[in-house]
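Please have the model open as you read.

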Amino acid sequence: MAGGSFVSSENGRQYESKITMYVLVTCFVAAMGGLLFGYDLGITGGVTSMETFLIKFFPSVYRQMKDESNHESQYCKFNNQLLTLFTSSLYLAALVASFFASTTTRMMGRKTSMFAGGLFFLLGALINGFAVNIQMLIIGRLFLGFGVGYCNQSVPVYLSEMAPTSIRGALNIGFQMMITIGILVANLINYGTAKLESGWRISLGAGAVPAFMLCVGSLFLGDTPNSLIERGKTEAAKKMLQKIRGMDNVDEEFQALVDATEAAKDVEHPWKNITQPKYRPQLTFCSLIPFFQQFTGINVIMFYAPVLFKTLGFGNDTSLMSSVITGGVNVVATFVSIFSVDKFGRRILFLEGGIQMLICQLAVGIMIALKFGVSGEGHFSSEEATTLLFFICAYVAAYAWSWGPLGWLVPSEICSLEVRSAGQGTNVAVNMLFTFIIAQVFLPMLCHLKFGLFFFFAGFVLIMTIFVALFLPETRNVRIEEMNKVWKSHWFWSKFIPNDAVTEAHPRMTTA
C-alpha cells in the first residue's frame, strides 16, 4: 500500500518516491527505541521522590527530607551524591556504549544495534525491578545505559535512511515522539504506583515492556539500503529501495547510494576522517547541538520534575500530577514539530523555540527568586503554583517542537555515508556525556545557585539561539548525499569545503 507520489528535486537531480505503508510501519517500530530513553527519563524522578524507595536505598535523604528541626534550605532538600549517581550512572554507561554501538551499526547493520539496545535495556529493567541493594540498582542502570546508547546511535540513522526526503523530518521526529510518549507513560505509572508499598519495583521493572517490544519488533525489520550496500549486499539493497520507495524504477537513486558507498570505502578511519577540515560543519553540529540540547535545562525538568516540584512546595501527589501534565504537553507539542518541520524547515523551529524557552526560563527564575529568595524559605500559593506550572509547560512545549526532536534529526541527516557512523557516534557520546554531567550536578547546583540556576540555563538558551541564527543552514528537502552543496553555499562553512567535495561522492553520476 502506498500513499501519494513525491518528486524531490535538489540541484538538478530528481528522485521519485511514494509514501508506502511499509516505510511508515518500519519507522514506527524502529522509533520505539525512543520509548526506552523516554521511559527512563520519566520514571527516574518519580521513583527518587517515593518515600518507600528512599527508605530502602537512601535513608539519609529520607531523614533529611522529614527532619523538621533541620532548617536547611528548600533548595538543598535532595542534595545527595549517591542519589544523583543512581540517576546519572545510566548516561555514563550510554556514553561508553555509543563508541561500541557506532562500530556495530556500521559493520552489522542498524537493526542489529536496535536489537542489542532492546536486550540490554530489558536486562537492566529486570535487575532494577528485583533490586535488593544499591549495588544491584547501579548495575541495572549500567545495563539500561548500554541499551540507551545503542538505540540512540542506531534509530535516528535508520529513520533518516529509510524515509523519503520529502518526509524525512517528520518520520525522524517519530523517535522524539516516542521519547515523549515514554516520559508520559512513566509519569502516569509513577502516579499510579506512588502509594503502593513496592510501587517503585513496578515503575522500574515496567521498563522491560517497551524493551521486549523493541527486541521482537526489530527481528521483523528490514535493514536500510545504505547499510546493505555498505555490507556488500547490493541486490538486497536495490530490492529494499524499491520496496520503501513504492516503485521499480529507482536506478538513479540506487546508483547515488552505491557511489556514496564506494567513496566511503576509501575512508579507513571514519573517527579520524571526521576531524578533517572538509567535515568541520558536520563535526561542529554533531558536537554542539547535543551539547546545547542538554544545556537547555530540559532534563532538569524531565528526570527531576517530581523532586523539583516537591522542592518548590508542591505536595507529593501534586508534584507527580504536575509531572504528568508537563509530560502530556511534551507529547502534544511534539506533533507540532512533526507537521511543520518539513513544511517550514528546521531553522524557524530552532529560533522560535529558543526565544520561547528563554522567556519561560527567565519567568520561572524570577518567580522562584521572589518567593524563595536566597534563604530558600517560602511556599507558593495555589495561584502562584499554577502560574509557575504554566511557564514550565510553555517551556516544555517550546523544547518539544524545537531542540528536542531537531537535536536528533539534524545530526543524523547532515553526515555523508563515509562519516555517518562517526558523526552519529559523536552526537550520542556528547549527548550522554552532558546528560550525565547535568544529572550529576543538578541537585548540588540547585543547592548552591538556588534560583540562579534557571538564569544559568537561560544564558545558554540565548547563546544557542544566536549560534543557530548565524551558523545553521536550512536542510529541509535536501538529500543526505547532497548535503555538501548546502555547506558550500553557506557564508561561513564554504571556506572549509573544497570544490571537489561537492561532487566526489557521486563520481559516475550525470546531472539529469
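A residue counts as buried when its relative accessible area is under 20%, as exposed when that value is over 50%, and as partly exposed in between. Keep that scale in mind for I348: its relative accessible area is 46%, so I348 is partly exposed. Bear in mind, too, that you are looking at a predicted model. I348 sits in helix 18, which covers residues 346–372.

Now zoom out to the whole protein. The fold contains 23 helices and two strands. Of the 512 residues, 62% are buried. The accessible surface amounts to about 18,500 Å², and carbon and sulfur atoms account for 67% of it. How far apart in sequence are the residues that touch? Taking the contacts between residues at least 6 apart in sequence, 80% join residues at least 24 apart.

Next, step inside. The largest nonpolar core holds 83 residues, and F53, F58, L137, L204, F285, W403 and I414 are the ones with the most contacts inside it. Another core lies apart from this one; it has 53 residues, including M32, I167, F175 and M240. Leaving out residues up to four places away in sequence, W403 touches I289, F292, Q293, T296, F350, M357, M464 and V468.

From here we can turn to how the helices pack. Two packed helices are described by the angle between their axes and the distance between the axes. W403 belongs to helix 20, residues 403–413, which packs with helix 15 at an angle of about 165°, the axes being 9 Å apart. Angles over 145 degrees count as roughly antiparallel, and helix 15 and helix 20 are therefore roughly antiparallel to each other. Their crossing is left-handed. On the helix 15 side, F285, C286, I289, F292 and Q293 take part, and they meet W403, G404, G407, W408, V410 and P411 of helix 20.

Helix 15, spanning residues 280–294, also packs with helix 21, residues 417–449; here the angle is about 25° and the axes are 8 Å apart. This makes helix 15 and helix 21 roughly parallel to each other, and helix 15 passes helix 21 in a right-handed crossing. The residues involved are L283, C286, S287, P290, F291, Q293 and Q294 from helix 15, together with G423, T426, N427, V430, N431, F434, T435 and I438 from helix 21.

Helix 21 has a further partner in helix 7, residues 134–162, at an angle of about 135° and with the axes 10 Å apart. Helix 7 and helix 21 are therefore oblique to each other, and they cross in a right-handed sense. Here V148, G149, N152, Q153, P156, V157 and E161 of helix 7 contact L417, R420, S421, Q424, G425, V428 and M432 of helix 21.

One last stop is N477, in the loop between helix 22 (452–471) and helix 23 (483–488). Its phi is near 60°, a positive value in a residue other than glycine. With a relative accessible area of 31%, N477 is partly exposed.

Terms used. Residues numbered from 1 in each chain as written. Predicted model: local features only at pLDDT ≥ 70, side-chain atom pairs only at ≥ 80, totals over all residues. Heavy atoms only, no water. Helix = DSSP H or I, 4+ residues; strand = E, 2+ residues; numbered from the N terminus. Buried < 20%, exposed > 50% of the residue type's maximum accessible area, 1.4 Å probe, protein only. Contact = heavy atoms within 4.5 Å. Areas by Shrake-Rupley, 256 points an atom, 1.4 Å probe, with all protein chains shown as cover. Core = buried A, V, L, I, M, F, W, Y, C linked by side-chain atoms within 4.5 Å. Axes fitted to C-alpha atoms, helices over the stretch in contact; angles between N-to-C directions. Parallel < 35°, antiparallel > 145°, perpendicular 65-115°, else oblique. Left-handed = near helix turned anticlockwise from the far one by under 90°.
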